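Please keep the structure in view while reading.

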Amino acid sequence: MLNHKIDIDCAQTGILNRHVLAALSGGADSVALVHLLHEKHLQGKIKLTIAHFEHGIRGEESKEDQAFVVELSKRLNLPLITESANVLKEAERTGEGLESCARRLRHEFLNRAREQSGADVIATAHHKGDQAETVLMHILRGGGLSGAKGMRETDGVYVRPLLSCSKEQLVQYLVSIGESWREDSTNLMKDNPRNFLRLEAIPRLQAAYPGAEDALCRFSEIARDEDDYMDGQAQKAFAEMAECFLGVWILKNTSQYPVALLRRVIRKIAPEFGFEEIEKIRTCARRVSLPNGWWAMGRDDFVYLAPPFEVPKETPFCFDKCMHFGALCEIRPTNEAPLKGAGVCVERVNPAPLEGACIRTRRDGDFMRPLGMGGKKKLLSDIMIDRKIPLPLRERIPVVARDREILWIVGFDISESIKTSENTEGISIKAILNHKYGGEPQ
């Protein structure tokens, strides 16, 4: 008979009238979860399928776990999906840690099982103790509020109906209904951080601070609410200060925003970076290299953040068709009037000098005859400095060139060599510089 001291609120957890796939390892937590969900299944509140992943780490013990799960599924008359894997071999192949490899394979299996069964959600047996361990582990890693918020009761297709229950409650529940479970011997080994926290740190904290586990879980709820609020503020700040131009993220007026918001804006752009990389970006006063080919530069209350950049191949310039220069820009003939705008321009030019020209990026020794200087030469590098084009953008701005002579700094200046006059029949060309190249923020 169901112990009503533990009950799953189907409406609160979002599983009412839904098909639930319950992850069943055979341990006390997951066995309790299956029994509690089975009660809801019998009441017609949910449809239930169970799934078991046999990871092979513990040899015969793993196979005995699987046999236990098969017997339980038959006894409860529930459909079961199982899969086996050799986690040891896979971890050796990929170079992953054993625990992280097992977690990845298990998640991949559960997602396949959900699709196979047609289930709406995947229920896992994480409980209050797991939450406390997770929060403490993230705090010790310096995870900030985002780490301290721990696990959510509902997270995409995953639901965790037992987060408010303690391990002791779950064990007592199983004893009260006369149900057995399997013990995982690896859970008693202090050879990984989580097991150390579970077996050593948290029991000592509980002894010194009775209620420490509850306090950590309560802290996670507070952190979750505050992190959600800060994320909302960071989204507003992002919309105000961030722009992606030619693949370079530009953050403006950075000193006007609190450090906490600036960190979160940077994390939206490059979520793979940790605290140290984010601090480098936030505080840089010159160019700094970052992992995976990224780099950043700070100047005049701006921060420039650039992902890896592969220079597009040189493209022949044509008058009669649309041209794409990699992902940086598009140039095409037009009938529009001359225009200068943010990332868009229309120029009226003399086509004759453009015969044989190409679209490319700058090179050492490039020069131009700037409009209005009577044909006098000037180095392209000096022109870009005079135009105050930010250094991080200079290597990405397309130019139309013939040999070393620059005829058009696309989006900025045309050369005296291609200006129109009363004696020349000009053509109009339109350039659109890509504001979104470089990806969307997370």
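1. Lys-377 lies over the face of Phe-367, at 4.6 Å from the ring centre. A charge sits over a ring if NZ of Lys or CZ of Arg is within 6 Å of the ring centre and within 35 degrees of the ring normal. Arg-287 is likewise placed over the face of Trp-295, with 3.6 Å to the ring centre.

2. The model is predicted: local features need pLDDT of at least 70, side-chain atom pairs count only at pLDDT 80 or more, and totals for chains, interfaces and linings use all residues. Residues are numbered from 1 along each chain as its sequence is written, and side-chain values use heavy atoms, with hydrogens and water left out.

3. The structure holds 34 salt bridges (a side-chain nitrogen of Lys or Arg within 4 Å of a carboxyl oxygen of Asp or Glu). One of them joins the side chains of Arg-182 and Asp-65, at 2.6 Å from N to O. This pair links distant parts of the chain, 117 residues apart: Arg-182 is in the loop between helix H8 (167–176) and helix H9 (193–208), and Asp-65 is in helix H3 (residues 60–76). Helices (H or I, at least four residues) and strands (E, at least two) are DSSP runs, numbered from the N terminus.

4. Is Asp-65 buried or exposed? Asp-65 counts as buried because its relative accessibility is 7%, while Arg-182, at 23%, counts as partly exposed. Buried means under 20% relative accessible area, exposed over 50%, and partly exposed in between (1.4 Å probe, protein chains only).

5. Glu-71 and Arg-75 also meet in a salt bridge, at 3.0 Å from N to O. They are four residues apart in helix H3, so about one helical turn separates them.

6. A further salt bridge, at 2.8 Å from N to O, connects Arg-104 and Glu-96. Through shared partners, salt bridges join Glu-90, Arg-93, Glu-96, Arg-104 and Glu-108 into one network.

7. The count of aromatic pairs comes to five. Rings of Phe, Tyr and Trp (its six-membered ring) pair if their centres lie within 6.5 Å; planes under 30 degrees apart count as stacked, over 60 as edge-to-face and the rest as tilted. Phe-53 and Phe-109 form a stacked pair, 5.6 Å centre to centre with 25 degrees between the planes. Phe-53 belongs to strand S2 (residues 47–54) and Phe-109 to helix H5 (residues 98–117), 56 residues apart. Phe-53 is buried at 10% relative accessible area, and Phe-109 is buried at 2%.
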